[in-house]
Amino acid sequence: MRPDFKEQPNQFVPENKKDQEWYIENARYVASKYNTQSNSLGFRSGNQSYEKPIDEMLRLFTYYLGKQENRDYFYTTQDQSGCELPTVWINGQKLTSMIDFMLGTAMKMIENIEPSVKAISRTAVNKRTLDMELALLKIEFANIFKQMEEEMGVAVTPLGKEDFEMPEDVMKYMQYDYKQYGEEIAYDMVMDILHRNKFMTKYKQAFFYTLLAGVVGIENQIRNKKPEKNIILPYNLIWDNTFDDDLNEGARFVGKIDWITPGEIVSNPYYTRHLTTEQIEEIKKLNTDNIDKMLGDENITTNKLKWYWNNNGVPSLAATTCYWIGYKELRYEKTKDKYGNTHLGKIKGNATSEYWVKTVYRATLLANKYVVDFGEMENIVRKSDDINEVELPISVFIPNMVMGESRSIASRLHKHQDRIDFLNNEITKSITRAKGKVFVLNKNKLGSATAQEVLNDFERMGIHITDGNATGEDFVQADQNRVVDVVDMTLDPNVQQLLALKREEERIMEEIVNVPKVAMGQQQGYLGAKTQAGTIAQSNLGTAYLYQGFIQYIEKDLQYSLNQYKVSLIVNEDEDIPVVGDRGMNYLKVTKDFTFEDFGIYVRVKDFIDDQSKERLLFIAQAAMQNQAIDMLDYLQIETCKTYTELYNQLRFSLEKKKREAEKQMQIQQMMMAAQQEQQAQVQENMAAAKEEGNNYRAELKAEAQMAQNVPQQQPQVQTGQPQ
């Protein structure tokens with residue numbers, strides 16, 4: 001049997017019978033799917049030869065490097081005898097610039113991803129619904145709850161410290177801001193996963209491989225109790241192409257290939273624990289001279305998986321890590337008691353159970369001979385919508401997968417890049433052949449022609465040569481054959497047609513990826529702002545499937561990584577879990593909800609400000625600053641903010657700060673005005689008091705004056721004492 005058409009071993013095997021040989025056969029089955037094409041519909045016959053996926057990937061990578069091979073137009077670089085023409089073939093890099101442009105757009109998108117975590121179990125949904133109903137009930141019967149709090153000291157706070165006045169506010173809060181404590185812990189874990197794995201670099205690399213190869217894989221592992229992500233090179237990836245699914249949801253297996261030396265094998269404890277002493281000694285003795293004999297003849301398969309190769313005198317062995325979905329026997333059986341009741345109990349003896357559950361097995365096959373690091377996987381993640389299904393640890397993204405195959409952006413462009421290179425070569429040929437006006441001497445004529453005849457011919461062509469004795473008169477020979485002729489070898493005007501064809505090929509490439517020159521800033525001439533914005537918006541629709549699909553891929557990858565991390569934390573008995581803190585650690589140990597909770601990751605791209613929008617905002621900001629609606633600090637914030645959300649929050653904070661300062665100034669002015677009014681009232685009161693005091697003083701003076709006038713008239717009567 002051909003090694004690339006292996007049958008998968010029986011998965012319904014009891015655990016005690018799954019020996020090393022069983023794992024070797026399963027690993028060989030997965031390895032046989034490397035570099036294969038789907039033939040499920042029978043549309044390809046065995047006699048037809050097609051380029052293997054890995055061969056195509058490697059070729060497309062050379063186009064990005066500008067080192068592509070000229071296959072289709074090589075005949076144009078030779079003459080009739082098969083000799084190469086002197087024209088230098090130059091590889092164009094139009095494909096590189098378009099890939100870089102799309103990669104730059106993706107980097108801006110990845111930089112602004114914003115994950116959110118939702119608990120999707122029935123318990124979490126019921127709690128969320130109950131909290132919302134209590135919050136709405138509190139608004140509807142606000143007086144009763146207020147009376148309970150004032151008279152009985154009973155406060156109902158279903159949403160924590162948040163308090164709302166309208167039902168719409170409750171619904172908005174539940175949709176955007178509501179978080180259970182388990183969701184808060186899970187969100188902290190997601191952010192730890194992203195930053196620990198340098199998500200900007202790794203997701204950018206994953207998207208780059210997607211553009212070139214049309215497929216990418218990310219392996220998720222728990223190393224030293226921390227989540228770790230590794231991007232797998234497309235030409236080292238093994239994936240299941242049986243089903244048309246961009247996210248490879250129905251995959252039954254997945255794998256990767258690493259190249260390691262014998263020294264790295266014997267120093268790896270994950271490998272040596274499954275190797276015998278004889279095998280370790282055999283691996284130590286491997287070298288480039290005896291490797292063929294020691295590993296056997298079947299070291300290469302027809303799908304071009306070479307199990308070892310000579311790397312500058314050091315043998316490198318293929319370490320194929322394989323994951324596949326199998327079935328694990330549950331050692332239970334149905335039994336009946338003496339009353340006829342059915343029970344489930346553990347099987348006693350060697351009988352086979354009828355209950356099986358899906359699980360994930362792993363094995364690493366070294367050089368198609370040694371199997372190491374094999375067994376059932378730990379930290380298995382099950383699908384949230386169906387706990388009977390399991391997730392594979394390598395998430396695969398294959399955009400626009402049709403009939404088991406996909407085509408990358410580069411594969412749709414490279415043919416046109418070849419044609420552009422061909423046209424450039426033809427233009428170069430025309431330029432090198434352009435010699436201007438060339439003078440050709442007739443050698444037959446030189447033998448009998450006199451010096452005067454040569455001079456006369458030169459004079460007719462406007463070339464004047466004299467030896468000091470020429471008369472300058474025209475001399476016409478009887479023989480009209482010229483010694484010197486002129487050949488016009490100026491640049492062929494048909495070069496313009498070649499340039500037009502080249503521009504047409506570039507336009508076709510831009511249409512394929514929907515990236516016009518306007519979007520790339522390479523348009524010729526001036527376009528109106530609305531026309532330019534509309535063109536860019538329409539062009540983005542053509543590649544929206546790729547960007548949106550990659551965001552869904554990030555969601556799927558993060559969801560697996562989070563739930564894998566959660567499973568590892570549950571079995572972690574250490575006292576130190578720095579990601580969640582002391583409170584979170586106590587929560588994990590006390591509550592059981594987090595153990596059985598499934599978390600869904602939802603990623604949205606922040607509303608980042610593109611260049612056109614920023615230019616429009618700066619124009620408006622400049623006018624607002626001239627009208628003193630904003631200050632220089634606000635203008636700088638508009639110029640430096642990357643997202644509308646960030647800009648909105650910054651300006652809102654600035655406006656609220658200015659509002660508070662204005663209110664403070666108004667309060668100070670009101671206090672000053674009140675003080676002035678109080679001072680003026682005091683002055684008026686003092687003036688009134690002084691006036692009243694003056695009036696009283698004058699009244700007293702007047703009274704005293706009157707008394708002084710009356711006293712002398714009555715005094716004699718008192719002194720005489722005589723009766724009247």
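At what angle do helix H2 (residues 53–65) and helix H13 (residues 409–433) pack, and how far apart are their axes? The two helices pack at an angle of about 55°, with their axes 10 Å apart, where axes are lines fitted to C-alpha atoms, for helices over the stretch in contact, and angles run from 0 to 180 degrees between N-to-C directions. This is a predicted model, in which local features need pLDDT of at least 70 and side-chain atom pairs count only at pLDDT 80 or more, while totals for chains, interfaces and linings use all residues. Residues are numbered from 1 along each chain as its sequence is written, and side-chain values use heavy atoms, with hydrogens and water left out.

**Overall make-up**

- The protein chain has 24 helices and 15 strands, these being DSSP runs numbered from the N terminus (H or I of at least four residues for helices, E of at least two for strands).
- Of the 724 residues in the protein chain, 38% are buried, a term that means under 20% relative accessible area, with exposed meaning over 50% and partly exposed in between (1.4 Å probe, protein chains only).
- Among contacts in the protein chain with a separation of 6 or more, 71% join residues 24 or more positions apart, contact meaning heavy atoms within 4.5 Å.

- Two packed helices are described by the angle between their axes and the distance between the axes.
- The angle between H2 and H13 makes H2 oblique to H13, given that angles under 35 degrees count as roughly parallel, over 145 as roughly antiparallel, 65 to 115 as roughly perpendicular and the rest as oblique.
- On the H2 side the contact is made by Glu56, Arg59, Leu60 and Tyr63, and on the H13 side by Ala410, Ser411, His414, Gln417 and Asp418.
- By class, this contact of H2 with H13 has three nonpolar, three polar and three charged residues, where Ala, Val, Leu, Ile, Met, Phe, Trp, Tyr, Cys and Pro count as nonpolar, Asp, Glu, Lys and Arg as charged, and the others, Gly among them, as polar.
- The axes of H13 and helix H16 (residues 495–513) come within 10 Å and cross at roughly 170°, which makes H13 roughly antiparallel to H16.
- Residues making the contact of H13 with H16 include Leu413, Ile420, Leu423 and Ile427 of H13, and Leu498, Leu501, Glu505 and Met509 of H16.
- The residues of this contact of H13 with H16 divide into 13 nonpolar, four polar and six charged.

**Nonpolar cores**

- In the largest nonpolar core, which has 96 residues, Tyr203, Trp324, Phe550 and Leu558 touch the most other members; such a core is a set of buried Ala, Val, Leu, Ile, Met, Phe, Trp, Tyr and Cys residues joined through side-chain atoms within 4.5 Å.
- Helix H19 (residues 544–570) gives the most to this core, with eleven residues.
- A second, separate core has 17 residues, including Tyr271, Tyr308, Leu366 and Val372.

- Most residues other than glycine have a negative phi.
- Asn35, in the loop between H1 and H2, has a positive phi near 60° and is buried, with a relative accessible area of 5%.
- Asn379, in the loop between strand S11 (370–376) and strand S12 (394–397), has a positive phi near 55° and counts as buried at 17% relative accessibility.

**Individual positions**

- Asn10 lies in the segment before helix H1 (20–31) and counts as partly exposed at 47% relative accessibility.
- Asn10 and Asn26 are 16 residues apart in sequence and 9.1 Å apart in space, C-alpha to C-alpha.
- Ile347, in the loop between strand S9 (342–346) and strand S10 (356–366), is buried with a relative accessible area of 12%.
- Leaving aside neighbours within four places in sequence, Ile347 is in contact with Arg331, Tyr332, Glu333, Thr352 and Ser353.
- Met200 lies in helix H8 (residues 199–213) and is partly exposed, with a relative accessible area of 27%.
- Met200 and Met109 are 91 residues apart in sequence and 10.0 Å apart in space, C-alpha to C-alpha, and, leaving aside neighbours within four places in sequence, Met200 is in contact with Met107, Ile110 and Glu111.
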